[in-house]
Amino acid sequence: MPYENREDLLIRIASLYYEHDYSQQQIADLLRISRSNISRLLKEAKEKGMVEIRVHKRIATNAALERDFAAHFGLKHVMIVESAGREYAENLASAGQLAAWHLEEILQAHDTLAISWGTGVSAAVNALVPQPALQIEVVQMIGSVGTVDSLIDGPELARRLATKLGGKYFYMHAPLFVDNRAMRDALLDQTTIHQTLKRARQASVALVGIGTTESQASSFLRARHLTEPQLAALRAQGAVGETSGHHFDSNGDAGFDINDRVIGLDLNDLKQIPHVMAVACGLAKKRSILGALRGGYIKVLATDDATAQAILEEAKKQPIA
């Protein structure tokens, strides 16, 4: 049976074997290829990432808390991991897995997906099962953070996600922060940046993280975009966190000068995307997640139960001004 290229053949054999339960001998008879070659080609398909075999461990979630949380903040969907005293990294990985499963449910062929950066976004991208047939267009929605860990920066995350979802990826060829508003406006007028942001605005899904201004958990401090004095100044002004590079207070108000230096999709544009999903865990982020919720910047959240409970308690202690 003729195939346009080797990848088509590998996908056909893998689909027959793993999805349709054909034996290797049945595939060999059907495609007129020796059984030994079928075995070798199946191995090649796995090595090339066309096949991913995983044992699904149950991720315990708190359904009652999910319902209460979604109702309180008017969210489309909430995924809350039962932390059971586990370490932060394990909770984040589980939240990322839940987010990946939700993405698999809502993504449609040829959708456009806008992506931010960070450990939460990376957790979801890592957990996502390859579905190259979807041909999803992935767009970097903010400039490059330039962090020392390139695996959690926007360009690498966009590339990895597009590879898994069989589509093209579009980089934002700019830094996240520039020196002043005039420089930002000049860069936003550049054709390639303008076109990338235009694509991002047309996304049906956005995958974002939520950062905090708390020093011990600030990604921008680790990436050296902000110094400790600058972070302290933001806290003094009332900033509690950020998403997609834009800072806001506990009510979700984003009137901070630093936002005038960001190259990326602004928060008003973000709110227009139908499914904006954030992956964020940890008590240090309770106020920043609360601010993102109150600002209406996210519609879907994956987190852990301890963080979710802390957010609800914080909401009671600090009613909207």
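Which residue stands opposite Val208 in S9? The residue is Ala278. The model is a predicted one, in which local features need pLDDT of at least 70, side-chain atom pairs count only at pLDDT 80 or more, and totals for chains, interfaces and linings use all residues. Residues are numbered from 1 along each chain as its sequence is written, and side-chain values use heavy atoms, with hydrogens and water left out.

Strand S5 (residues 205-208) pairs with strand S9 (residues 275-279) in the parallel sense, over 4 bridges. Helices (H or I, at least four residues) and strands (E, at least two) are DSSP runs, numbered from the N terminus; pairing requires at least two DSSP bridges between two strands. Both strands belong to an open sheet of 7 strands. Its order is S1-S10-S9-S5-S2-S3-S4, with parallel pairing. Strand S1 (77-81) and S4 stand at the edges. Each has a single partner strand, so one side of each is left without a neighbour in the sheet.

Helices pack on this sheet. H6 lies across strand S2 (112-115), S5 and S9, and runs at about 120° to S5. Helix H14 (residues 305-317) touches S1 and strand S10 (300-304), and its direction makes about 110° with that of S10. Axes are lines fitted to C-alpha atoms, for helices over the stretch in contact (heavy atoms within 4.5 Å). Angles run from 0 to 180 degrees between N-to-C directions.

The largest pocket has a volume of about 660 Å³. A pocket is an open set of points on a 1 Å grid over the protein atoms alone, with protein on both sides within 12 Å along at least five of seven lines; lining residues have an atom within 4 Å of a point. Of its 18 lining residues, Gly49, Met50, Val51, Pro130 and Pro132 lie nearest the centre. H1 gives the most to this lining, with 6 residues. The second largest pocket holds about 300 Å³ of space. It is lined by 16 residues; Arg184, His246, Gly264, Asp266 and Leu267 are the closest to its centre. H8, helix H9 (191-201) and helix H12 (267-271) each supply at least two lining residues.

Ala174 lies in the loop between strand S4 (169-170) and helix H8 (181-188). At 10% relative accessibility, Ala174 counts as buried (under 20% relative accessible area, with a 1.4 Å probe and protein chains only). Leaving aside neighbours within four places in sequence, Ala174 is in contact with Gly143, Ser144, Ile193 and Ile263.

Notes:
Buried means under 20% relative accessible area, exposed over 50%, partly exposed in between (1.4 Å probe, protein chains only). On a 1 Å grid over the protein atoms alone, a cavity is a set of points where a 1.4 Å probe fits but cannot get out, and a pocket is an open set with protein on both sides within 12 Å along at least five of seven lines; lining residues have an atom within 4 Å of a point. Grid points are joined across faces, edges and corners, and a volume is the space filled by probe spheres set on the points.
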